[in-house]
Amino acid sequence: MITRDTHVQDALTEAVTALNRASDADATLKTATALGLAGTIAPLVGVAKGVAQVVANCTTSARRMSEQTEDAAVGEAHHGTRLATRAAARTLQGLRAHLVETHTAAWNARAAAAVTSSPGVAARDHLEVADRALTQAGNLGLHRAGTDPIALASTTHALPHIADRLVSLIEACRNAAHRLAEQATTPAEQTAHRDTEHAAYQAVRTAHSLRRTLATLAGRAQEARALAVRKCPECGEAALAHTPDDLTPAQRNSRRRPAWSHRDGTQLCPVMGTGGYEPAKPV
Ligand SMILES: [Zn+2]
């Protein structure tokens, strides 16, 4: 169970590294041709789609966790995370629309441009790596939308940084479109580049909002983690505010069911209570 979440973390780390490299290489956009620019925006569309899938998985995870806890405060905290994922999902929808529009405009501008051959653009190559890694992170979550507040907090922690990089990279694309418009040799080519610049401007503004909504999401997931994670006093492992998966029939019919479990879904370690062995109380 934990392995899958670890894979999601690995994929997100890979995506962040690739986005950092793309940002370091964004100077290559200063000399990019129309073809190079269009080729750079394409993987940006993919990155936004991957982030949207990861956020959708976070929504499912927060919903399941709010359903699986008996603790009202923890349930409320997971609900807060869920609302934050919805705000982020709406912003991502807008960003994806603006990026698709930017890509279409850049593609049209490429057709109008005199120079159609392009040297490789380093930022683009790194963005393609980030696109693949985020797609993988989104797909891994589909196998098991996690019900682990620790994993959810780590996943959401990586997202504001990704939005940060999107802001600077889309800004670099916008500047490239501006330069190409100034250098255009025909009115048609100039209009096409101006269209790209305008669409990229809208995308930059939305990416700024995305950074804010993702920071809020990360904060909510962190709050929920603080409430929903304690420790099993016997083995020292994390205890989650999650009804155990291995309730006995007697426990299932009891009005006071154990409310905390180990990370793998088992009950907390047994201790001697008034009526025999019972799961330990989390500390
Ligand atoms: Zn234990």
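**A walk through a predicted model**

Guide: Let's start with a sheet: three strands form an open one in the order 1-2-3, with antiparallel pairing. Keep in mind that this is a predicted model.

Visitor: What makes strand 1 and strand 3 edge strands?

Guide: Count their partners. Strand 1 (229-231) and strand 3 (261-262) each have a single partner strand, so one side of each has no neighbour in the sheet.

Visitor: How do you know that strand 1 and strand 2 pair?

Guide: Pairing takes at least two bridges. Strand 1 and strand 2 share three, in the antiparallel sense, so they pass that cut-off. As for who meets whom, K231 has A238 in strand 2 as its bridge partner.

Visitor: And what joins strand 4 to strand 5?

Guide: Four bridges link strand 4 (residues 270-273) with strand 5 (residues 276-279), and the two run antiparallel. At least two bridges are needed for a pair, so this one counts too. Strand 4 and strand 5 make a hairpin, with two residues between them.

Visitor: Stepping back, how many helices and strands are there in the protein?

Guide: Seven helices and five strands. Reading from the N terminus, the order is α-α-α-α-α-α-β-β-α-β-β-β.

Visitor: Where are the domains of the protein?

Guide: Domain 1 takes in 2-228 and domain 2 takes in 232-279. Their centres, taken over C-alpha atoms, are 40 Å apart. Where they touch, twelve residues of domain 1 and eight of domain 2 take part. On the domain 1 side, that makes six nonpolar, three polar and three charged residues.

Visitor: Which residues have the most contacts inside the largest nonpolar core?

Guide: They are A15, L37, V51, A130, A137, I170 and C173, in a core of 80 residues. Helix 1 (2-24), helix 3 (72-112) and strand 2 (238-240) are among the elements giving two or more residues to this core. Helix 5 gives the largest share, 15 residues. Both domain 1 and domain 2 supply at least three residues.

Visitor: What does A15 touch?

Guide: Leaving out residues up to four places away in sequence, A15 touches A130, A133, L134, A137 and I162. For a contact, the C-beta atoms have to lie within 7 Å.

Visitor: How much of the protein counts as buried?

Guide: Of its 283 residues, 47% do. To be buried, a residue needs 20 or more other C-beta atoms within 10 Å of its own.

Visitor: Then why is E67 called exposed?

Guide: The cut-off for exposed is 12 or fewer such neighbours. E67 has 11 inside 10 Å, so it counts as exposed. You'll find E67 in helix 2. From E67 to H79 is twelve residues in sequence and 9.4 Å in space, C-alpha to C-alpha.

Visitor: What share of the contacts with a separation of 6 or more joins residues 24 or more positions apart?

Guide: In this protein, that share is 80%.

How values were computed: Residues numbered from 1 in each chain as written. Predicted model: local features only at pLDDT ≥ 70, side-chain atom pairs only at ≥ 80, totals over all residues. Domains from an automatic or database assignment. Contact = placed C-beta atoms within 7 Å. Nonpolar A, V, L, I, M, F, W, Y, C, P; charged D, E, K, R; others polar. Core = buried A, V, L, I, M, F, W, Y, C linked by C-beta atoms within 7 Å.
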